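Here is my note on this model, as numbered points. Please read it with the coordinates open.

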Amino acid sequence: MAQERGRRSGPQGKEEEEWQKQELNPQSVVDVEVMEEQEAESEFVPHVHVDDFDYELPSERIAVRPCNPRDHSRLLLCVGQELLPRFPNLPPSSLLVGDGSQVFDLQFIDVPDLLPSNSLLLLNDSKVIAARIPCSKKDTGGKSEVFLLSPLMPSRDPPEALRARSGEAVWKAMIRGRRIDVGDLLVSQSMGTDGSSCAQVRVEAEVLERDGADAVVRLSWTRAGSADPEQQEQQEDLGAPLLHEVLKQVGRVPLPPYIKREADREDLVTYQTSHAQHEGSVAAPTAGLHFSERVMQRLLDKGTESLPVTLHVGAGTFKPVEANDVAEHEMHHERIIVNVSTLKGIMQVSSSRS
């Protein structure tokens, strides 16, 4: 129910003119923080109460595993009466709506037949990280969890931060556990999603700040010591492993809370889009989960172009709406990166069809 909103900042005034004049480097990126400006936008937010969205969802209707193949997921299509002639090959409708619209039961693999020829498709190529770290308090052994959200140091850019070999980093996080205060040390204590033993690496999270479940933690990690002096020397020569390698060992893929099972090795593949490239999301961009290489090839054959954007899905996906009025709900922000070559591609397509 909680979805991210925000405004995208961009070049202004003279900066915009210079940006348009310069020879654009395809590798350049426009890096934008998508932030909510609640006060400025409040007049545009309708007064909707969360109770309006209450409905019964039986547990047996919640898929705990994805469809295989992923492009065979069910697709519900509703077509207005005036648009029906555009889709002559649809199967018999399963429902007739009062205004003349018809509802059809399809599969996602049918999407290429529904999009206009020569469409432009923007794909979010963000990749989910194993952001949930099961921990225990160092002094008492009490169970806890550190759910990494976004990096602060050594870089605010997730892919760069995840490739840190410094052995130390600072992240925004959510913490679960009882009686966890600023200054407490939490130690990784379980196998990660990939099934590796956490004995290969040790992670400590020091709580620097805490406000309810929200926190800032300092992570430190080292390779586990070896009883063999020669192996120990080799490990010291290698230095600290990359953080994204560490998370694969001690972290778990953050499945949605309505999926009542632990993440496993299969989720490393199935809880990613087929076009995922850049690590940084703490939840999958679900709109893209059903796209397969087969669907993409059919779209390409039909003349549909695709361009990448990178929007790292944040904690707002998991945060419940606690305010009674939706307008009073405090949103998290998300990080979006748009390659300049993508912007040029959008402008070219727009100008060719104007």
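Which residues have the most contacts inside the largest nonpolar core? The points below start there.

1. Ground rules. This is a predicted model, in which local features need pLDDT of at least 70, side-chain atom pairs count only at pLDDT 80 or more, and totals for chains, interfaces and linings use all residues. Numbering starts from 1 along each chain as its sequence is written, and side-chain values use heavy atoms, with hydrogens and water left out.

2. Main core. The residues with the most contacts inside it are Val146, Leu148, Trp171, Val217, Leu219 and Trp221. The largest nonpolar core has 43 residues. Such a core is a set of buried Ala, Val, Leu, Ile, Met, Phe, Trp, Tyr and Cys residues joined through side-chain atoms within 4.5 Å. Buried means under 20% relative accessible area, exposed over 50%, partly exposed in between (1.4 Å probe, protein chains only).

3. Suppliers. At least two core residues each come from strands E7 (132-137), E8 (143-153), E9 (168-177), E11 (201-211) and E12 (214-223), and from helices H4 (158-162) and H6 (243-250). Helices (H or I, at least four residues) and strands (E, at least two) are DSSP runs, numbered from the N terminus. A second, separate core has nine residues, including Ile109, Leu121, Phe291 and Val295.

4. Val217. Contact here means heavy atoms within 4.5 Å. Beyond neighbours within four places in sequence, Val217 touches, among others, Val146, Leu148, Trp171, Ile175 and Val207.

5. Strand E7. Six of the six residues of E7 are buried, so the strand is largely enclosed by the rest of the structure. Arg132, Pro134 and Ser136 are buried on one side, and Ile133, Cys135 and Lys137 on the other.

6. Pairing of E7. Strands pair if DSSP finds at least two bridges between them. E7 runs antiparallel to E8, with five bridges; Ile133 has Val146 as its bridge partner in E8. The two strands form a hairpin with five residues between them, and Gly141 in the turn has a positive phi of about 85 degrees. E7 also runs antiparallel to strand E10 (residues 185-188), with three bridges. There, Lys137 is partnered by Leu186.

7. Helix H6 and beyond. Leu247 lies in H6 and counts as buried, at 3% relative accessibility. Outside four places in sequence, Leu247 is in contact with Ile129, Ala130, Ile133, Leu148 and Leu162. Gly251 sits in the loop between H6 and helix H7 (267-270). Gly251 counts as buried because its relative accessibility is 0%. Its C-alpha is 5.2 Å from that of Arg132, 119 residues apart along the chain.
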